[in-house]
Structure formats: structure tokens, C-alpha cells
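Hi,

Here is the structure I said I'd pass along. Have a look at it first, and then read on for what turned up.

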Amino acid sequence: MRAPVSETSLTIDLRERGELPPHAYAFYRLRELAPGQQARVLADEEPRLIMESVSLQLRHHIHWEVVEQGPPLWTVLVRPRDEVAARTLMDLLARDHERLDKLFAQALHKVNAGDVAGAAPLLKEFATGLQRHLHAEDEILAPAFVGPRDPSGSDPTSTMLREHRDIREQVVLLESYFDDDALPEPSEVAPFFGILSGVLAKHETREELNLFPQWDMALKKGLDEAGRDALVERIRAILEGREA
């Protein structure tokens, strides 16, 4: 069955790449993909490694799936990632990192502009979302997919749990400035926003590079497709506040 072609489709035939490697040709064409647009990539070789390379180059801002199997020809449907619901646990968690980062960055921008009143609801929404995210990782995922633990506490799971405790403490401290009826001065809270912003960035990078691959491997070994899908939906419900 052929993938439907819409008016907003872009067709990229890797057989027309000339001297370029297939992943380079696909990258140069797919970086032009606009919101609301989709691309059909045609390949005369198994395309999964090619598409994984392109996705990495595009910082995982695309979603791709093989919709027609070869040989002799494979067809891959590509869309902007944000226009497709997360289907894997790692993608779901990484997207929630991005969502929380945007909320916190908006609050920080408000504080730096002297608009503490505007920052307050953004900080509250961020803190609520962060608690849901940490609960999902600490209480559901870490116990289920715990990897080898180092007595020194330097393994990815121990590092994550320790950093989560530190992040919680920093968020509680920051929120305490907004608890009273009188809002704080921007100069009072700006340093705390700046410090926490750096802590979050480093933590998320370590988590996505060191821990997520372990969880991904454990998922593939320990659960079948139905089990993985059920876990994704449970974590999605927690992150969205539909399950405690």
C-alpha cells in the first residue's frame, strides 16, 4: 500500500543524490521541511541507519517511519516531530524536558525584564510539571529499569536520583520567595533562576546521554510492544496530570 501524497508533500529520491552520500543528501533536503509539511524519502537500500543519522543531525526534530518495505524500493514518511505524538518512552521524556525548559526560560526572561508578577504563574506551572516528571522517573521508571549500581554512587541511576533531590530543594527555595503576598524584587530571585537554569541543562544532558540509553535497552529486553506502549501511556498520563 502506497503512502498518500498530499499537496504539502516533498519527495526526496535518494537515487538522485549524485556523488553525495545518501544521509548527506537526505539531510540537505529535509532541513527545509516546514511546519505542516511532510516528506516521502525513496531509498533503494535499507533506510533505517540513514534516517537515524539524519535525525541526529537535525537534533531529533523530525519523526520518520518506513511505510513501504523494499526491496527494491523503500519509502519513508517524514514529518516535523512536534506534529506527531511521542511513541517511545525516551521521546516522551525528552519532549517533556523541552517543555519544562521553555516554561522556565520564559519565567527567567520575565524576571530579567523586571516582570516578577509575570514570572510567578510560569514558575508555578514549571514546578508542577517538574514534580510530575520527577515522580515518573524516580517512582516508576528507576525501580523498574534500575541498572548496575556503583557503591560510590557514580552510576547513572544514583546520579539521577541525587540530582533530582538537589533540584527539588532549589525549586522549593525559589518558590518560597513567591509564597507571601508581596512579590520579591527581581534582584532577589534572578541569581536563583540563573543557577537553576544551569543545573537543569547539565542534568538533562547527562540523563539523556547516560541513563536514557540504559532504560531504552531494558525496555526492549523486558517488555513486548504492547507492554512498552502501555508504559508510555501511563507515563504520558502522569506528565499530563491525569494520573497521580
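Helix α1 (residues 22–30) packs against helix α2 (residues 48–57) at an angle of about 45°, and their axes are 9 Å apart. That angle makes α1 oblique to α2, and the crossing of the two is right-handed. On the α1 side the contact is made by P22, H23, A26, F27 and L30, and on the α2 side by I50, M51, S53, V54 and Q57. Sorted by class, that contact has 7 nonpolar and 3 polar residues, with no charged ones. Do keep in mind that this is a predicted model.

Then there's the pair further along the chain. Helix α4 (residues 116–144) and helix α5 (residues 156–176) pack at about 155°, with 11 Å between their axes. Angles over 145 degrees count as roughly antiparallel, so that is how α4 lies relative to α5. The crossing here is left-handed. From α4, the residues involved are L123, F126, A127, L130, Q131, L134, H135, E137, D138 and A142; they meet T157, M160, L161, H164, I167, R168, V171, L174 and E175 of α5. This contact divides into 11 nonpolar, 4 polar and 4 charged residues.

Cheers

Terms used:
Residues are numbered from 1 along each chain as its sequence is written. This is a predicted model: local features need pLDDT of at least 70, side-chain atom pairs count only at pLDDT 80 or more; totals for chains, interfaces and linings use all residues. Side-chain values use heavy atoms; hydrogens and water are left out. Axes are lines fitted to C-alpha atoms, for helices over the stretch in contact, and angles run from 0 to 180 degrees between N-to-C directions. Helices (H or I, at least four residues) and strands (E, at least two) are DSSP runs, numbered from the N terminus. Angles under 35 degrees count as roughly parallel, over 145 as roughly antiparallel, 65 to 115 as roughly perpendicular and the rest as oblique. A crossing is left-handed if the near helix is turned anticlockwise from the far one by less than a right angle, and right-handed if clockwise. Contact means heavy atoms within 4.5 Å. Ala, Val, Leu, Ile, Met, Phe, Trp, Tyr, Cys and Pro count as nonpolar, Asp, Glu, Lys and Arg as charged, and the others, Gly among them, as polar.
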